[in-house]
Amino acid sequence: MIAEPLIPDPLKVGRKVLASEHRTSLETGIYMGGLLIVVMVSALFVANRVPGSEHYALERNAAFCAVFFIIMLIPIARFFNRPMPMFISAMIGWASFVVAYDIAGMFYSNLFVVLRRPLEALIEGAIVYSVAAVGAWVIGMFLAARHLPIAPRRRRTDHLHQQP
């Protein structure tokens, strides 16, 4: 019977953490994309197939936009202290939404005339999420820098270069 070592192999532990991080990024992106697609499809259905909602078009559109925006914040809120998984999960979800948006344009002929084209939507989402990831990285660096001393450390050889 061979006993396992008390100290784990750091390469195996690092790989498990990395694989776990990628899995959670993927799962979050897939869930976010699915929720965005559900909100988009339901908004299109209500706007085009429910005739009583035309009187409340502004309120209806504002409600769907609010829900859409809240769902867009899921990867930002979940991975705020980790910018790379935030961007990866957000772009997975946003790309799946853009694919569904492109498919919805086949059923609703004026969708891209009234709103934006799918490529524009993809670029806008990439810009929003990249700015959020960079902002989270800068905030993280700022918070980490607050715990370090402001004055630079003196090197041992600094006294050799001073004038007498």
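Select the lining of the largest pocket: its residues divide into 19 nonpolar, four polar and three charged. Here Ala, Val, Leu, Ile, Met, Phe, Trp, Tyr, Cys and Pro count as nonpolar, Asp, Glu, Lys and Arg as charged, and the others, Gly among them, as polar. The lining comprises 26 residues, and Leu44, Cys65, Tyr101, Leu111 and Leu115 lie nearest the centre of the pocket. A pocket is an open set of points on a 1 Å grid where a 1.4 Å probe fits, with protein on both sides within 12 Å along at least five of seven lines; lining residues have an atom within 4 Å of a point.

Next, colour the elements that give two or more residues to this lining: α1 (10-49), α2 (57-72), α4 (83-107), α5 (111-114) and α6 (118-145). The largest share, seven residues, comes from α2. The space in the largest pocket is about 880 Å³, a volume filled by probe spheres set on the grid points.

This is a predicted model, in which local features need pLDDT of at least 70 and side-chain atom pairs count only at pLDDT 80 or more, while totals for chains, interfaces and linings use all residues. Residues are numbered from 1 along each chain as its sequence is written, and side-chain values use heavy atoms, with hydrogens and water left out.

Now display the whole protein chain as a cartoon. Finally, show the surface: the protein chain exposes about 12600 Å², of which carbon and sulfur atoms supply 70% (Shrake-Rupley method, 1.4 Å probe).

Conventions: Helix = DSSP H or I, 4+ residues; strand = E, 2+ residues; numbered from the N terminus.
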